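Please read it alongside the sequence and the coordinates.

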Amino acid sequence: MSVAWFYLAFPCLMLNYLGQSALLLHDPAAAQNPFFLMAPDWARLPLVILAMAATIIASQAVISGAFSVTQQAVHADRLEPARHGAVARAAVRGDGPQCRKRGGVLQAADQSPRHVEWRQ
């Protein structure tokens with residue numbers, strides 16, 4: 001991983017930042033969006049699609065990381081596991097005490113911390 005960082009990712013990032021700096025020195029008006037203005041007009045749409053895919057992948061990585069940290073905290077007895085299986089199934093069915101139907105729409109009731117039950 002560190003080899004890939006030092007020989008691939010770091011040089012690519014440095015070239016990108018140096019290219020943006022050169023663009024700003026050449027055209028100060030490009031300061032509004034130097035990343036996309038570096039690309040030619042025909043490449044902007046593929047660049048936007050690539051940036052969108054990178055954003056989705058990064059958000060999934062953040063979600064996975066948060067789940068992993070939470071799971072490790074539960075296993076290290078730093079965080080108590082929440083009982084959520086029966087509550088979630090009742091909420092999907094709509095017959096749990098935390099749900100009520102209004103006009104055919106399922107609404108969750110107040111789930112403040114005083115209503116949360118922990119497994120002992």
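Which residues form a nonpolar patch on the surface? Val3, Trp5, Phe6, Tyr7, Phe10, Leu13, Met14, Tyr17 and Leu18 do, with about 970 Å² of accessible area together. The model is predicted, and for that reason local features need pLDDT of at least 70 and side-chain atom pairs count only at pLDDT 80 or more, whereas totals for chains, interfaces and linings use all residues. Residues are numbered from 1 along each chain as its sequence is written, and side-chain values use heavy atoms, with hydrogens and water left out.

**Overall architecture**

- The protein chain has four helices and two strands, where helices (H or I, at least four residues) and strands (E, at least two) are DSSP runs numbered from the N terminus.
- Along the sequence, these elements follow the pattern α-α-α-α-β-β.
- Of the 120 residues of the protein chain, 12% count as buried, a class that means under 20% relative accessible area, with exposed over 50% and partly exposed in between (1.4 Å probe, protein chains only).
- Among contacts between residues at least 6 apart in sequence, 15% join residues at least 24 apart, a contact being heavy atoms within 4.5 Å.
- The accessible surface of the protein chain comes to about 10000 Å², of which 67% belongs to carbon and sulfur atoms; such areas come from the Shrake-Rupley method with a 1.4 Å probe, and for residues only the protein chains shown count as cover.

- Patches are made of residues with over 30% relative accessible area and no salt bridge, like charges being joined within 9 Å and nonpolar side chains (Val, Leu, Ile, Met, Phe, Trp, Tyr) within 5 Å.
- Tyr17, one of the patch residues, lies in helix H1 (residues 2–26) and is partly exposed, with a relative accessible area of 45%.
- Gln20 is also found in helix H1, but Gln20 is buried, at a relative accessible area of 15%.
- Once neighbours within four places in sequence are set aside, Gln20 is in contact with Pro34, Phe35 and Met38.

**Aromatic pairs**

- A search of the whole structure finds two aromatic pairs, for which rings of Phe, Tyr and Trp (its six-membered ring) must have centres within 6.5 Å; planes under 30 degrees apart count as stacked, over 60 as edge-to-face and the rest as tilted.
- The rings of Trp5 and Phe10 have centres 6.1 Å apart and planes at 50 degrees, so this pair is tilted; Trp5 is partly exposed at 40% relative accessible area, and Phe10 is partly exposed at 38%.
- The rings of Phe35 and Phe36 have centres 5.1 Å apart and planes at 80 degrees, so this pair is edge-to-face; Phe35 is partly exposed at 33% relative accessibility, and Phe36 is partly exposed at 23%.

**Helix H3**

- At 1.5 Å a residue, the 32 residues of helix H3 (residues 44–75) should span 46 Å, which agrees with the 46 Å between its end C-alpha atoms; the expected span is 1.5 Å times one less than the number of residues.
- After H3 comes Asp77, whose phi is positive, near 60 degrees.

How values were computed: A salt bridge is a side-chain nitrogen of Lys or Arg within 4 Å of a carboxyl oxygen of Asp or Glu.
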